[in-house]
Amino acid sequence: MRHEKDIDSLDGAISTPMDRREFLKRTGGGIFILFTLGDSLLEFQERQGRLPSDFNAFLRIAPEGRVSCLTGKIEMGQGVVTSLGQMLADELDVKLESIEMVMGDTDLCPWDMGTFGSLSTRSFGPSLRQAGAEARLVLKELASERLGVPVERLQTEDGMVFDRTNRKLGISYADLSKGKKIEREVTGKAVLKKPSEFRIMGKSVPRRDAPDKVSGAAQYAGDIRVPGMLCASIVRPPAHGAKLVHADTSAAEKIEGVAIVRDGDFIAALHEYPDVAVRAVAEIRATYEREASPLDENSIFDHLLRVAPAPNVVSSRGDLEEGKRASRVVLEHTYLNDYVAHAPVEPHTALVKIEGDKATVWASTQTPFRAKEEVARELGFPADKVRILTPFVGGGFGGKTSNRQVVEAARLAKLSGKPVQVAWSRKEEFFYDTFRPAAVVKIRSGVTEIGKIQLWDYHVYFAGERGAEQFYDVSHHRTTSYGRGWTAGPGTHPFATGAWRAPSNNTNTFARESQIDMMAAAIGRDPVEFRLQNLSHPQLRRVLETTAEKFGWKPQKAPSGRGCGVACGVDAGTYVAMIAEVEANKRSGEVKVKRIGCAQDMGMVVNPEGATVQMEGCIMMGLGYALTERIRFRGGDILDVNFDTYEVPRFSWLPSIETVIIDNMESAPQGGGEPAIVTVGAAIANAVYDAIGVRVFRLPLLPERIREAQKR
Amino acid sequence: MKETIDLTLNGKPVKVTTDSNRMLLWVLRTDLHLTGTKYGCGENYCGACTVLVENEATRSCHVTLKDVRGKNVVTIEGLAKRGSLHPLQKAFADHNALQCGYCTPGMIMTAVSLLHKNPTPTPSEILEGMNDNLCRCAAHNRIVQAIESVSTTSKGGI
């Protein structure tokens, strides 16, 4: 991935924002392909009222044959810097190495709503391929003129166009684009390659950012240095809702080189060195007025049910009363999950430099274009005077769709007249994180004696609808959602909440798949067989059967004592099944996950190795929300502010992981960065039940909760 | 207290004049422009800031500049020799043992120290040796494979 210093090598030496015409005027020669976004993304953006009227994305073949792909997507570990390049290289018939990704630069890249929702490959990808195919067609037309050979006789390979009847007659893309300035809109006429024709897609290639990331050369927002820059440390309230009454900054001001900036209750220390700025803030004596909030991590659930807004029926079928009458066993249960932090190892960071009427920003963000609007608003600049550059992002998981640190850096740069870096401490990262919301799911379900699910009455509070709809064959069902989803109105949560990897779906899948398991147990059926009996969806059946087979599942009624649990899920268009094997200690409540098997059908796979690594990452990360991760709070104060008490998965937890990606290359690509995390909570909860016969209705499955559940 | 501290950094003698009570992490990142060493938690919990001090994996957020006076300090930038990556750096790249890459320098430095002390660790020794380095993208599986590959191929000769 290229950063600002390299971007200047795009011939234009671009220093001011511009529109498409300006961009084309300033850049040198070459072939430009302007393409539009995929349908689902268009629809999504239309819903947001943010559809750009001009152009969407650029592909440029420079005179020396170098191919630039300019995209508003960012790289935060999910690997699109590689997979998007694979898609383009394959359709264009160039080597992957000749593709240069320019990502998340709001001056150079076309508008993009952000990198989330596992949309990069499934929505942006098809458009990118179309652009590549279109460009190849243009190159063939140019070659036809130059070589005097009809287009039909030409073929492309590794950046060259050849006469297929005389391979000595050929011309390189570099020669074709030299001295030319050709603009094409994607017409949709160019035909995409069939999977059988892929040379680069569908093959595992190493991460293209790996060399820089292992050498220490990869730059993240906090690694950017500009002359005269200062590092900020900001005075923070002790609790959410606390108001500053008084602050004495006199001791801090005495520290050599420290500048104190104050604007109302916004106070910061600035220094050349970040550690000195932090030391200065520690010297500031601030007193606060605190609101007494009765909410904590245990009382929050009753509060949520109390403040729940009117329900929204997501889907329904049949008649619930009839479903109840047809059921032999009716189970009614409530599932809870605590607030969970994103906790990327890189905290939110931004650097803002203001020169005259223009601001340049380097930000750790999943939403550079949103950051641009936010900075413009903060500074009172027109949006086109703000440029956001997105270096590598050190993990996001949804948390970096929120840009508070960017706005803070902009405010301080304006107040101080200097370039300012804001790099949150770990404590600030926990304090201002947009947590995965605490949520409640209530389910009433019924099943017949022979194991047919007849009733499914599902109510989800404040988690959101993603993954809430059940996919089993249930004659009488209704799914109801309360609250807007992962964000909610004022008075709901005592702090900010937001999208956390596969938002909504971890909560919904935990509840649904736990309930399904309990129905199987209630009528003495094996949980895999019971699911298959009630599941006609072919892709889901296939992932479940594949997982069971690879895992070596032997049908048995739970609790069997062996400690195996299953769960199915659908997320971002991808179908997942998972089986976990655990060791659970009834007395201590400790759970150790020994083995996880997972199969997923994600349609076409661009980089199988990259997709597998994402699955493994989902599984391993998922152990955290399943077993330990939760935020405790009292009176607006966040009690878990570092990795000592907020326990994320570590090496000693590593289970044996077996993954299978279903071969489905003929279908459209689906999401890969999130789906496999949704089943982890339920698979483990079900495995714990299978091991020791204890059902826990609240995530994470803390030892004390497992001990407590036995008393009920 | 402002003073001049001598140390060997990535094989070269270096003099740094600053408050010697400052943490090594910030001196490396700001005064010495070596930004490969990362801040993750500031309190010795995550390992993103790990460097080698006399070949021992050391949390640079938790040692002061004066603690490394006269010592041999190696950061991620100092691992490659004559332009070729250290075997562990290469193994991390080859095994997809990273995603966002932010914890990677600390992971590699910890692994270098681990193999220095124990050239042929068992899988459980690797898990134990790496246990206090956190990777939120959860590339653990691949990191273990990368370390195993080096301990096998080099027979400890790194």
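Begin by selecting Lys213(A), which sits in helix α7 of chain A, residues 210-215; helices here are DSSP runs of H or I with at least four residues, strands are runs of E with at least two, and both are numbered from the N terminus. This is a predicted model, in which local features need pLDDT of at least 70 and side-chain atom pairs count only at pLDDT 80 or more, while totals for chains, interfaces and linings use all residues. Residues are numbered from 1 along each chain as its sequence is written, and chains are lettered from A and ligands numbered from 1 in the order in which they are written.

Lys213(A) counts as buried because it has 27 C-beta neighbours inside 10 Å, the scale being buried at 20 or more other C-beta atoms within 10 Å, exposed at 12 or fewer, and partly exposed in between, with C-beta atoms placed from the backbone. Leaving aside neighbours within four places in sequence, select its contacts Ala218(A), Leu98(B), Gly101(B) and Thr104(B), a contact being two C-beta atoms, placed from the backbone, within 7 Å.

Finally, select α2 of chain B, residues 87-94, whose buried residues are Leu88(B), Gln89(B), Ala91(B), Phe92(B) and Ala93(B). After α2(B) comes Asn96(B), with a positive phi near 55°.
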